[in-house]
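Try each task before reading its solution.

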Amino acid sequence: MSGTGGDMAQAVIDKCRAHFSAAEVVECDDESGGCGAKLVLTIVSDEFQGMLPLKRHRAINSLLKDELNQIHALTINAWTVKQYELKKSQQ
């Protein structure tokens with residue numbers, strides 16, 4: 001996979017939407033100035049219910065193993081709907 005940071009962020013979004021089909025939110029922001037080296041991924045899905053954060057991150061890292069070869073830093077926010085709503089209300 002190659003291209004601009006926007007392409008990488010979109011590729012991550014597409015792959016996560018396909019895998020986490022019940023997700024209410026899938027966002028990937030490029031914080032590297034457009035080169036795609038530093039991404040912040042947010043996935044909100046009740047598929048994460050009962051999963052420890054480490055298990056959520058491992059599942060996402062496994063899904064994105066090919067993309068991670070080209071990404072320098074990936075911040076993962078993997079929350080249930082309830083956790084996401086709580087975080088939004090605290091902002």
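**Exercise 1: A charged pair**

Lys15 has a relative accessibility of 27%, which makes it partly exposed. The model is predicted, so treat the values in these exercises as computed from it.

Task: find which residue forms a salt bridge with Lys15, and work out which helices the pair ties together.

Solution: 
1. Start with the general idea: side chains of opposite charge can pair when their charged atoms come close.
2. The cut-off to apply is a Lys or Arg side-chain nitrogen within 4 Å of a carboxyl oxygen of Asp or Glu.
3. Glu67 meets it, since its closest N and O atoms with Lys15 are 3.3 Å apart.
4. Now check the cover: buried means under 20% relative accessible area, and Glu67, at 2%, is buried.
5. Searching the whole structure gives one salt bridge.

**Exercise 2: The neighbours of β2**

Task: determine in which sense β2 pairs with β1 and with β3, and how many residues of β2 are buried.

Solution: 
1. Take β1 (residues 25-30): it pairs with β2 in the antiparallel sense, over six bridges. Val25, for example, has Val44 in β2 as its bridge partner.
2. Turn to β3 (residues 73-79): here the pairing with β2 is parallel, over seven bridges. Ile43 has Ala78 in β3 as its bridge partner.
3. Finally, count the cover: of the seven residues in β2 (residues 38-44), six are buried, leaving the strand mostly covered.

Note on methods:
Residues numbered from 1 in each chain as written. Predicted model: local features only at pLDDT ≥ 70, side-chain atom pairs only at ≥ 80, totals over all residues. Heavy atoms only, no water. Buried < 20%, exposed > 50% of the residue type's maximum accessible area, 1.4 Å probe, protein only. Helix = DSSP H or I, 4+ residues; strand = E, 2+ residues; numbered from the N terminus. Pairing = 2+ DSSP bridges.
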